[in-house]
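These are my notebook entries on one structure, kept in the order in which I looked things up.

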Amino acid sequence: MPDAEPPVPEDVLTSAKDRLEEEEISLADNEEILHALSELTPVYENDRSYFVLGNYDREPIRRLNLVVDRLNRRQDAYAFRMVDIRGEWDNSIQKFCLIADIVTYLVGVAEKEPSDFLVEQGLLVGTTEYFSKSHVLKREYEDAEHPFGWMQDGVFELFDRNGRLYRWQTEADLVDVTEELP
């Protein structure tokens, strides 16, 4: 008999239900979501959890993995990326919201490369709950004054005003700013 999946706390399910319209999700999709959430048992077993967002291209994902690794070295902490949660999700926004609801912190690693976490940045600043637990590690570039564009600069400005924007240029800097996270 296979091991039973750990139960998902009722408050998580309630919050998730608030974000999902019933007519937009099938029974099979719901089962897939519950299975994926059950993979997040370490979130409940540790004092702090970090959902790390960013670019999944070859070089930037190395830096995401570096951040995840540094955070996972902390006692009673669990860090992970969205791709670490298995499942075939038709709607990545639903997946993001369900995971973001249950973690302690959301950490974005911002680089100017394509495939950044642009949609999620909008959700981070557009939702009070997400914004209050978000931190952004922004890469600085010597050769460009505004490499991200005016819209992202506005997002970064909000995080900076709230003391949750961390600037880095090199991987060594990235390790240092990661250590500054709560």
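**Entry 1: terms and source.** I call a residue buried under 20% relative accessible area, exposed over 50%, and partly exposed in between (1.4 Å probe, protein chains only). I note that this is a predicted model, in which local features need pLDDT of at least 70, side-chain atom pairs count only at pLDDT 80 or more, and totals for chains, interfaces and linings use all residues. Residues are numbered from 1 along each chain as its sequence is written, and side-chain values use heavy atoms, with hydrogens and water left out. Helices (H or I, at least four residues) and strands (E, at least two) are DSSP runs, numbered from the N terminus.

**Entry 2: salt bridges.** I took a salt bridge to be a side-chain nitrogen of Lys or Arg within 4 Å of a carboxyl oxygen of Asp or Glu. The count by this rule is 13 salt bridges.

I looked at Arg-62 and Glu-59, whose closest N and O atoms are 3.1 Å apart in a salt bridge. Both residues belong to helix 4 (residues 58–72) and are 3 residues apart, about one turn of the helix. An α-helix has 3.6 residues a turn, so residues three or four places apart point the same way. Glu-59 has a relative accessible area of 39% and is therefore partly exposed; Arg-62, at 41%, also counts as partly exposed. I also found Glu-59 and Arg-62 in a network of salt bridges with Arg-63, Glu-111, Arg-139 and Glu-171.

Next I checked Lys-133, which forms a salt bridge with Glu-129 at 3.9 Å between the closest N and O atoms. Lys-133 has a relative accessible area of 10% and is therefore buried, whereas Glu-129 is at 35% and counts as partly exposed.

I then turned to Glu-140 and Arg-167, a salt bridge with its closest N and O atoms 3.4 Å apart. This pair links distant parts of the chain, 27 residues apart: Glu-140 is in the loop between strand 4 (134–139) and helix 8 (150–161), and Arg-167 is in strand 5 (residues 165–168). Glu-140 is partly exposed at 26% relative accessibility, and Arg-167 is partly exposed at 41%.

**Entry 3: aromatic rings.** I paired rings of Phe, Tyr and Trp (its six-membered ring) if their centres lie within 6.5 Å; planes under 30 degrees apart count as stacked, over 60 as edge-to-face and the rest as tilted. My search of the whole structure gave 8 aromatic pairs.

Phe-51 and Phe-80 are stacked because their ring centres are 5.4 Å apart and their planes are at 15 degrees. Phe-51 is in strand 1 (residues 48–53) and Phe-80 in strand 2 (residues 77–81), so this pair links distant parts of the chain, 29 residues apart. Phe-51 counts as buried at 0% relative accessibility, and Phe-80 counts as buried at 1%.

Phe-96 and Tyr-130 are edge-to-face, because their ring centres are 5.7 Å apart and their planes are at 85 degrees. Since Phe-96 lies in helix 5 (residues 92–102) and Tyr-130 in helix 7 (residues 128–132), the pair ties together parts that are 34 residues apart in sequence. Both Phe-96 and Tyr-130 are buried. I note one aromatic cluster formed by Phe-51, Tyr-78, Phe-80, Phe-96 and Tyr-130.

I also looked for charges over rings (NZ of Lys or CZ of Arg within 6 Å of the ring centre and within 35 degrees of the ring normal). The charged end of Lys-112 sits over the ring of Tyr-141 at 4.6 Å from its centre, and that of Arg-164 sits over the ring of Phe-131 at 4.5 Å from its centre.

**Entry 4: helix 8.** Which residues of helix 8 are buried? I listed Gln-152, Asp-153, Val-155, Phe-156 and Phe-159. Seen down the helix axis, the buried residues fall within an arc of 160 degrees (directions from the axis to the C-beta atoms), so they line one face of helix 8. Trp-150, Met-151 and Arg-161 are exposed on the other side of helix 8. Taking contact as heavy atoms within 4.5 Å, I found that the cover over the buried residues of helix 8 includes strand 3 (105–110), helix 6 (118–126), helix 7, strand 4 and strand 5. Just after helix 8, Gly-163 has a positive phi of about 70 degrees.

**Entry 5: Asn-72.** I located Asn-72 in helix 4, where Asn-72 is partly exposed with a relative accessible area of 32%. Leaving out residues up to four places away in sequence, Asn-72 touches Ala-77, Tyr-78 and Ala-79.
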